[in-house]
Amino acid sequence: MRQFSITIAGGGSTFTPGIIMMLLDHQEEFPIRRLCLYDNDRERQAVIGQACGILLKERAPQMEFSYTVDPEEAFTGTDFVMAHIRVGKYAMREKDEKIPLKYGVVGQETCGPGGIAYGMRSIGGILEILDYMEQYSPNAWMLNYSNPAAIVAEATRRLRPGSRIINICDMPLGIMVRMAKILGISEKDLDISYFGLNHFGWWTQVKDKDGNDLMPRLKEYVRENGYDINIETDQHADQSWHETFLKVRDVYAVDPDTLPNTYLKYYLYPDYVVEHTDPHHTRANQVMEGREKEVFSAARDIIEKGSAKGCGFMADDHASYIVDLARALAFNTKEKMLLIVPNEGAIENFDPEAMVEIPCIVGKDGYEKISQGRIPQFQKGMMEQQVSVEKLVVEAWMEGSYQKLWQALTLSRTVPSAAVAKKILDDLIEANREYWPELH
Ligand code: NAD
Ligand code: G6P
Ligand code: MN
């Protein structure tokens, strides 16, 4: 059986150990010859790198493992680059969230002004990694989780059109695992239709493998509970996620013909979200106090003991999705997966030049899109507004245009006026001096 070489870019990410645990679980079906972590923060990555080194020595001693800040070492001879970088790290996520909240506007990692600010930081970082990959391993695939995936995807469509990059999100899978639980079946037995932008989409069909319509049962549940359900080990287990899953009730009520992505709450109920957010303690704080602490203390524990026996690293949906995608490309599994891809007619009555999230069949040569036909007026209207925001951000980044970035913020459904947009923008520029291109 062929053996593969994987590079994880953003090696110091809180999600790196989970992906490695998942790769360990799949060694038989997906043999790995070499695994390399790459990050531009040597110290942060060293903690994760050392711990994973101990883990791999115990559980897969035949695997060649290293971690490095040298791009040539990281990207030479690789088959898959799994990317999950966070340019500016949690310190900047905290600012993305808190600055808009100062003006009574949604402060979120990927939606609204926070997502726009993050996009302006991520574009350069992702292009850099993609260029390294193409320089050192031109036939490799980059599977990119780095957020905001919608803006990153539009940037790579515009600036690296022929590149072998596939942008992905784990939220739909996370929701589908919940749907499956509600129905009492396995997630792998769901057959779905879905359309939208990243963090901005809707299910139009959910069937089982025999073609039976499962939407009526799901809708009955969602009407009362949203996607809120007890799942023991889940990356979306915190109280704030529980509230998000419950709020889906109200998101669903706006269009009971479809089932929505959780992220639509930021666009449909921004006032509610702001009222229910502590502007001094946002999700970034929760993550720094939660996941980041847990992962890094589990890593330090392994290093201290010199052993990963009974370690605290856990594989989750996030890990299974990216590993399934790599396997689909490696072994031509033809699995149906949601990917963020150029529309080009897949959604018939929507901008062919938009990056959309739709089901695709994944195999050795990449992906084939599954047409989603025509979409309803309500969703089309929302998507046209949002995709314009995303396109304007990318143009602002390319041209260094203050005007276009102001327009992007103004057009976001989360922002009430051009005046508020300008105030937020001016604060964001100040906070992002180290990361954004200069705007004029
Ligand atoms: P994290 O801060 O723990 O890890 C990110 C790592 O990236 C850090 O170690 C940082 O040093 C590194 N980094 C930053 N800029 C870099 C660059 N230019 N080159 C190389 N490395 C760089 O963050 P996290 O919470 O683990 O999340 C990682 C990323 O994954 C984020 O972008 C997050 O939004 C994204 N994510 C996406 C999805 C999805 O559905 N698409 C799901 C989960 C996480
Ligand atoms: C979901 C989304 C990701 C996002 C993450 C945030 O999984 O799909 O795009 O990064 O949630 O989770 P966090 O725990 O960091 O707030
Ligand atoms: Mn996502």
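## Ground rules

This is a predicted model, where local features need pLDDT of at least 70, side-chain atom pairs count only at pLDDT 80 or more, and totals for chains, interfaces and linings use all residues. Residues are numbered from 1 along each chain as its sequence is written, chains are lettered from A and ligands numbered from 1 in the order in which they are written, and side-chain values use heavy atoms, leaving out hydrogens and water.

## Around ligand 1

Ligand 1 has 26 residues around it, and Ser13, Thr14, Asp39, Tyr90 and Tyr118 come nearest (a residue is near if one of its heavy atoms lies within 4 Å). Sorted by class, that shell holds nine nonpolar, nine polar and eight charged residues.

Now for some polar contacts (pairs of N or O atoms within 3.5 Å). Ser13 puts a polar side-chain atom 2.6 Å from an oxygen atom of ligand 1, while Asn40 has one 3.3 Å from a nitrogen atom of the ligand. Asp170 uses its backbone instead: an N or O atom there lies 2.9 Å from a ligand oxygen. On its own, ligand 1 has 860 Å² of accessible area (Shrake-Rupley method, 1.4 Å probe), and the protein covers 96% of that.

## The second largest pocket

The lining of this pocket runs to 21 residues, with Gln235, Arg291, Glu294, Met314 and Asp316 nearest its centre (lining residues have an atom within 4 Å of a grid point). They split into eight nonpolar, six polar and seven charged.

H12 gives the most, with six.

Key. On a 1 Å grid over the protein atoms alone, a cavity is a set of points where a 1.4 Å probe fits but cannot get out, and a pocket is an open set with protein on both sides within 12 Å along at least five of seven lines; lining residues have an atom within 4 Å of a point. Helices (H or I, at least four residues) and strands (E, at least two) are DSSP runs, numbered from the N terminus. Ala, Val, Leu, Ile, Met, Phe, Trp, Tyr, Cys and Pro count as nonpolar, Asp, Glu, Lys and Arg as charged, and the others, Gly among them, as polar. A polar contact is a pair of N or O atoms within 3.5 Å; within protein, one must be able to donate a hydrogen and the other to accept it, and residues adjacent in sequence count only if both atoms are side-chain atoms.
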